[in-house]
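Subject: Structure handover

Hi,

Here is the structure I promised to pass on. My notes on it follow below.

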Amino acid sequence: MMSADELESGNTGEPAKLIRQRYREAADIIKKGKMSCFFINDLDARAGRLGGITQYIVNNQMVNATFMNIADNPTNVQLPGMYNKDENPCVPVIVTDKIGVCHGIFRTDNVPKEDIVKLVDTFPRQSIDFFGAIRARLYDDEVKKWISEIGVESIGKRLVNSKEAHPTFEQPKMTLEKLLEYGSLLVQEQDNVKRVQLVDMYLNEAALGKAAQQVKVPVPEGCTNQSLANFDPTARVMMVAASINFRAIQKKCVEATRRSISSDLEGDTEEQIVGFRGDAEEKIVRF
């Protein structure tokens, strides 16, 4: 037996060594004539990949590499620093995944396992915390409902040194439709956070680029095409920032020019007015 929390250690390489050790222990039991297997709980909580939020630490990489090596050579699994020419028996490796963990999260809420499977399949790239947050949101609704009933001003009197019993809440009904709805809301919040972070990144990089120009720091020329050798990740940021600044300046200049047309034409002849307007409008359009 092995748990996902054993796949992390302060010592680099220790989890990978532990995997090989447990595998060989199971192989030794098989050598003695007894059935055995290597059972790992919640493997995807440590060795799985969660898209952009995965932390590719050294132990994570070594664990994945160890599993791949065992899959390629199941009868030749060696411990670090040791080598034995004798082949070991092939040991079945059984792992549990995110569905089992989520089933444990919603165990007291009487959510059917088929609903858990549907929920996990709907949000396959989310971490375990995501499903815990969905459950917490449903309980938060009960708290919000209680607050709306007694009023925000009465919360302190009701909870602190109150002669009344502690408030009790009904267990929320967790239907699949409700879980999917709250999951979608959480995904929208994640997307909003990503947008805000992206805007901040653009603004920061644009500010750095502008500062570099002011102090005459050489900025290498580049383009936004990642397939080319002169790709520059800040090129698009500078282009967007320059476009925004140019449009703002352009608008102000056009407005100021048109205001000056009206004020400067007082007292001029009609021929002068027509000529000046034509010349000014041509400059505005060209600008």
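The structure holds three aromatic pairs. Rings of Phe, Tyr and Trp (its six-membered ring) count as a pair if their centres lie within 6.5 Å; planes under 30 degrees apart are stacked, over 60 edge-to-face, and the rest tilted. Phe123 and Phe130 make a tilted pair, at 5.2 Å centre to centre and 55 degrees between the planes. Phe123 is buried at 8% relative accessibility. Phe130 is buried too, at 5%. (Buried means under 20% relative accessible area, exposed over 50%, partly exposed in between, with a 1.4 Å probe and protein chains only.) Trp146 and Phe169 form an edge-to-face pair, because their ring centres are 6.0 Å apart and their planes stand at 85 degrees. Trp146 sits in helix H5 and Phe169 in the loop between helix H6 (155-159) and H7, so this pair ties together parts 23 residues apart in sequence. Trp146 is buried at 12%, whereas Phe169 is partly exposed at 39%. Ring pairs also link Phe123, Phe130 and Phe131 into a cluster.

A word on the source: this is a predicted model, where local features need pLDDT of at least 70, side-chain atom pairs count only at pLDDT 80 or more, and totals for chains, interfaces and linings use all residues. Residues are numbered from 1 along each chain as its sequence is written, and side-chain values use heavy atoms, with hydrogens and water left out.

Now the overall layout. The protein has nine helices and three strands. Both are DSSP runs numbered from the N terminus: helices are H or I with at least four residues, strands E with at least two. Along the sequence the pattern reads β-α-β-α-β-α-α-α-α-α-α-α. Of the 287 residues, 24% are buried.

The strands form an open sheet in the order S1-S2-S3, with parallel pairing. Strands pair if DSSP finds at least two bridges between them. S1 (2-3) and S3 (93-95) are the edges, each with a single partner strand, so one side of each has no neighbour in the sheet. Three bridges join S2 (residues 38-41) to S3. Phe39 stands opposite Ile94 in S3.

The largest nonpolar core has 16 residues, and Phe106, Ile116, Leu119, Phe131, Ile134 and Leu179 have the most contacts inside it. (Such a core is a set of buried Ala, Val, Leu, Ile, Met, Phe, Trp, Tyr and Cys residues joined through side-chain atoms within 4.5 Å.) Helices H3 (98-105), H4 (113-122), H5 (128-150) and H7 (176-214) each give two or more residues to this core. H5 gives the largest share, four residues. A second, separate core of 15 residues includes Met2, Ile19, Val63 and Phe67.

H5 has 23 residues and reaches 34 Å from first C-alpha to last, close to the expected 33 Å (1.5 Å times one less than the number of residues). Its buried residues include Leu138. Gly151 follows H5, with a positive phi near 90 degrees.

His103 is partly exposed at 27%. Beyond four places in sequence, His103 is in contact with Lys113 and Ile116 (heavy atoms within 4.5 Å).

Best wishes
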